[in-house]
Amino acid sequence: MNVVRVNLRNVIFLLVALLSTSVQEAHMGHDSAISYALKEANVNSTPAYSSKKEETASLCPSGISCAELSVECLNCNFNYNCVYGATYDANCSIKDHVDCVGSPSFLKKYMCRYCYQTDHWEHQCHQKNSCSSVASPQQYYRTNCTVNSDVLCLGRRKFMKNLPCNWTIGYRWSTALILSITLGGFGADRFYLGHWQEGIGKLFSFGGLGVWTLIDVILISMRYLGPADGSLYI
């Protein structure tokens, strides 16, 4: 009976030892996982921080006056309760990691308006050629625009805007007209503008015995006949 008790006691002691060892290993594994995650986070955050610092350095060159830096290099406080069109002074200071000459804080004048209300020469828009410039009624497309770096305005400096289709890829109206007058009977004007099928028709019909040639001269002179891709003359 005593032997049975001793064996049972040894089994219980062995189970307790195994359980405590498993708990310690699990705890060590959890600490290792946390340490690995923190290490990965630090490694992953370093390139982002470095890229941001490099981007700031490229936009904000050192050695120039702080007041002459572009808006991307500054933190400015605006009065959002201003009167539209009026001129105000904004308190501006340089951003971190920007090296410039002079006082890091200064006043900069701005007009009370949001960035999407700036004039067309005060922002740059991404041009698209996915619509016809000669369509009637005139077509519009929606694109991304960014305010120029020297313009202060309220709100986001990047915005969406509807623009009319007025793109061109280099077709000259004068060239098309000269080709139509001199070689229009052979379809040279149609070939130049990209109307290949009509050009072949004019070539084999000798300009529709002169009638088609005369019509194309009138159409091109009035700018009614343009490039086949829907672009404008330059």
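This is a predicted model: local features need pLDDT of at least 70, side-chain atom pairs count only at pLDDT 80 or more; totals for chains, interfaces and linings use all residues.

1. Let's begin with charged side chains. Side chains of opposite charge can pair when their charged atoms come close. In this model the count comes to five salt bridges. One of them joins arginine 113 to glutamate 122, with N and O 2.8 Å apart. Are these two residues buried or exposed? Both arginine 113 and glutamate 122 are buried.

2. Next, look at lysine 202 and aspartate 189, whose side chains form a salt bridge at 3.2 Å, N to O. Lysine 202 sits in helix α4 (residues 196-204) and aspartate 189 in helix α3 (residues 188-193), so this pair ties together parts that are 13 residues apart in sequence. Both lysine 202 and aspartate 189 are buried.

3. Helix α3 takes part in another pairing. Arginine 190 makes a salt bridge with aspartate 216, and their closest N and O atoms are 2.9 Å apart. Because arginine 190 belongs to α3 and aspartate 216 to helix α6 (residues 211-221), the pair ties together parts that are 26 residues apart in sequence. Both arginine 190 and aspartate 216 are buried. Putting these pairs together, a network of salt bridges links Asp189, Arg190, Lys202 and Asp216.

4. Now follow aspartate 216 into its helix. Which residues of α6 are buried? They are Thr213, Asp216, Val217 and Ile220. These residues cover an arc of only 105° around the axis, which puts them on the same side of α6. After α6 comes arginine 223, which has a positive phi, near 60°.

5. Three of them form an open sheet in the order β4-β5-β6, with antiparallel pairing. β4 (123-125) and β6 stand at the edges with a single partner strand each, so one side of each has no neighbour in the sheet. From one strand to the next, the twist averages 40°. How many bridges join β5 to β6? Seven bridges join strand β5 (residues 140-147) to β6. Across this pairing, arginine 142 stands opposite asparagine 162 in β6.

6. Leucine 163 is worth a stop in the sheet. Leucine 163 lies in strand β6 (residues 158-164). Its relative accessible area is 13%, so leucine 163 counts as buried, the cut-off being under 20%. Leaving aside neighbours within four places in sequence, leucine 163 is in contact with Cys125, Gln139, Tyr140, Tyr141 and Thr143. Leucine 163 and cysteine 125 are 38 residues apart in sequence, while their C-alpha atoms are 8.9 Å apart in space.

7. Finally, compare the model with the record. An unreviewed UniProt entry lists residues 170-191 and 203-225 under "transmembrane region". In the model, residues 170-191 are 68% helix and 0% strand, with end C-alpha atoms 15 Å apart. Residues 203-225 are 74% helix and 0% strand, and their end C-alpha atoms lie 18 Å apart.

Note on methods. Residues are numbered from 1 along each chain as its sequence is written. Side-chain values use heavy atoms; hydrogens and water are left out. A salt bridge is a side-chain nitrogen of Lys or Arg within 4 Å of a carboxyl oxygen of Asp or Glu. Buried means under 20% relative accessible area, exposed over 50%, partly exposed in between (1.4 Å probe, protein chains only). Helices (H or I, at least four residues) and strands (E, at least two) are DSSP runs, numbered from the N terminus. Contact means heavy atoms within 4.5 Å. UniProt positions are given in the numbering used here, feature names are shortened, and annotations may be inferred rather than shown by experiment. The arc is that of the directions from the helix axis to the C-beta atoms. Two strands pair if DSSP finds at least two bridges between them. Axes are lines fitted to C-alpha atoms, for helices over the stretch in contact, and angles run from 0 to 180 degrees between N-to-C directions.
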